[in-house]
Amino acid sequence: MVEATPGHLVWRLSMKWRVAVDRALAPRGLTHAQYVMLASLYGLERDGRVPSQRELADHTGLEALYVSKLARSLDADGLMQRTRDAVDTRTMRLELTARGRETIEPAIAEVAALLDKLLAPLGGRRGARTKSFVRDLTELLDTPL
């Protein structure tokens, strides 16, 4: 049997996670990408920020063009509001609507429960192995290619 490469394992884990989140959120009418946008926006707003589309793209790791497309769609669905920046009218600022908050809060709880299941073999979200895993992933994500 051929041993899997780290790249293959990262790919498999990311696909496993994406599919699991998509399935869990489908009854709420959300995709994984929509969840990432709304949950990230929720977290940034809790920190007192009203991010631009570019800032949200940087935060999520999604391509700026894709964030723009998702933001238009989520705005049309009434889950977020896009407004022009008062100083730089080329910049779009993003905010959750009340409906967006009502949608994302229970979705965040569902994804957290799913994450608990995924990380159980490592001792759960707060386990020492998980903390080490997070450090390793962060180092890899910070490494320029």
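This is a predicted model: local features need pLDDT of at least 70, side-chain atom pairs count only at pLDDT 80 or more; totals for chains, interfaces and linings use all residues.
Residues are numbered from 1 along each chain as its sequence is written, and side-chain values use heavy atoms, with hydrogens and water left out.

**Secondary structure.** Over residues 3-142 I read 66% helix and 7% strand, with the end C-alpha atoms 26 Å apart. Helices (H or I, at least four residues) and strands (E, at least two) are DSSP runs, numbered from the N terminus. The chain has 6 helices and 2 strands, in the order α-α-α-α-β-β-α-α.

**H2 against H4.** I checked helix H2 (residues 32-46) and helix H4 (residues 64-76), whose axes come within 11 Å and cross at roughly 85°; axes are lines fitted to C-alpha atoms, for helices over the stretch in contact, and angles run from 0 to 180 degrees between N-to-C directions. H2 is therefore roughly perpendicular to H4 (65 to 115 degrees; under 35 counts as roughly parallel, over 145 as roughly antiparallel, the rest as oblique). The contact (heavy atoms within 4.5 Å) includes Met-37 and Leu-38 of H2 and Leu-70 and Leu-74 of H4. By class I recorded 8 nonpolar, 2 polar and no charged residues there, where Ala, Val, Leu, Ile, Met, Phe, Trp, Tyr, Cys and Pro count as nonpolar, Asp, Glu, Lys and Arg as charged, and the others, Gly among them, as polar.

**H2 against H5.** I then found H2 and H5 packed at an angle of about 100°, with axes 10 Å apart, and these two helices are therefore also roughly perpendicular. Residues of H2 including Leu-38, Tyr-42 and Glu-45 meet residues of H5 including Arg-101, Ile-104 and Val-111; this contact has 8 nonpolar, no polar and 3 charged residues.

I noted a volume of about 1,600 Å³ for the largest pocket (on a 1 Å grid over the protein atoms alone, an open set of points where a 1.4 Å probe fits, with protein on both sides within 12 Å along at least five of seven lines; lining residues have an atom within 4 Å of a point). The volume is the space filled by probe spheres set on the points, which are joined across faces, edges and corners. Of its 33 lining residues, Ser-14, Trp-17, His-32, Leu-137 and Leu-141 are the closest to the centre. H1 gives the most to this lining, with 8 residues.
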